[in-house]
Amino acid sequence: MLAQPLARERLERLKWKCRRGLLELDIVLGRYLAARNGCFAAEEIAALEDLLDSPDNDLWDVVAGRSEPAHARHRVVVDALRAI
């Protein structure tokens, strides 16, 4: 998985999508984006965007470890979010 910088416009849309109703998610997602420094592998960005389509409470349950991701392709992103 080779990480490539995202186009500025796409990164800004991603940042906006990471703004959530739960403060905990805002913190974790913000730190995750900062740690990635705008560079993502294609599979990683697809998995993240897919996860961000989840409702806040469901996403928080996965990030907090109360449930497992619905798809194996989400595992890399979920593991990184849990590490933060």
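## An aromatic pair and a charge

Tyr32 and Phe40 are both buried (under 20% relative accessible area with a 1.4 Å probe, protein chains only; exposed is over 50%). This is a predicted model, in which local features need pLDDT of at least 70, side-chain atom pairs count only at pLDDT 80 or more, and totals for chains, interfaces and linings use all residues. Residues are numbered from 1 along each chain as its sequence is written, and side-chain values use heavy atoms, leaving out hydrogens and water.

Searching the whole structure turns up one aromatic pair. The ring centres of Tyr32 and Phe40 are 6.2 Å apart with planes at 50°, so the pair is tilted (centres within 6.5 Å; stacked is under 30 degrees, edge-to-face over 60, tilted the rest). Phe40 also has the charged end of Arg36 over its ring, 5.6 Å from the centre (CZ of Arg within 6 Å of the ring centre and within 35 degrees of the ring normal).

## Helix α3 and its cover

Now to α3, residues 42–51, whose buried residues are Glu44, Ile45, Ala47, Leu48 and Leu51. They line one face of the helix, because their directions from the axis fall within an arc of 160° (taken to the C-beta atoms). Ala42 and Glu43 are exposed on the other side. The cover over the buried residues includes α1, α2, β2, α4 and α5; helices are DSSP runs of H or I with at least four residues, strands runs of E with at least two.

## Asp56 in α4

Asp56 belongs to helix α4, residues 56–63. Leaving aside residues up to four places away in sequence, Asp56 touches Arg20, Gly21, Leu22 and Leu25 (heavy atoms within 4.5 Å). A polar atom of the Asp56 side chain lies 2.8 Å from the backbone nitrogen of Gly21.

Technical notes. A polar contact is a pair of N or O atoms within 3.5 Å; within protein, one must be able to donate a hydrogen and the other to accept it, and residues adjacent in sequence count only if both atoms are side-chain atoms. Rings of Phe, Tyr and Trp (its six-membered ring) pair if their centres lie within 6.5 Å; planes under 30 degrees apart count as stacked, over 60 as edge-to-face and the rest as tilted.
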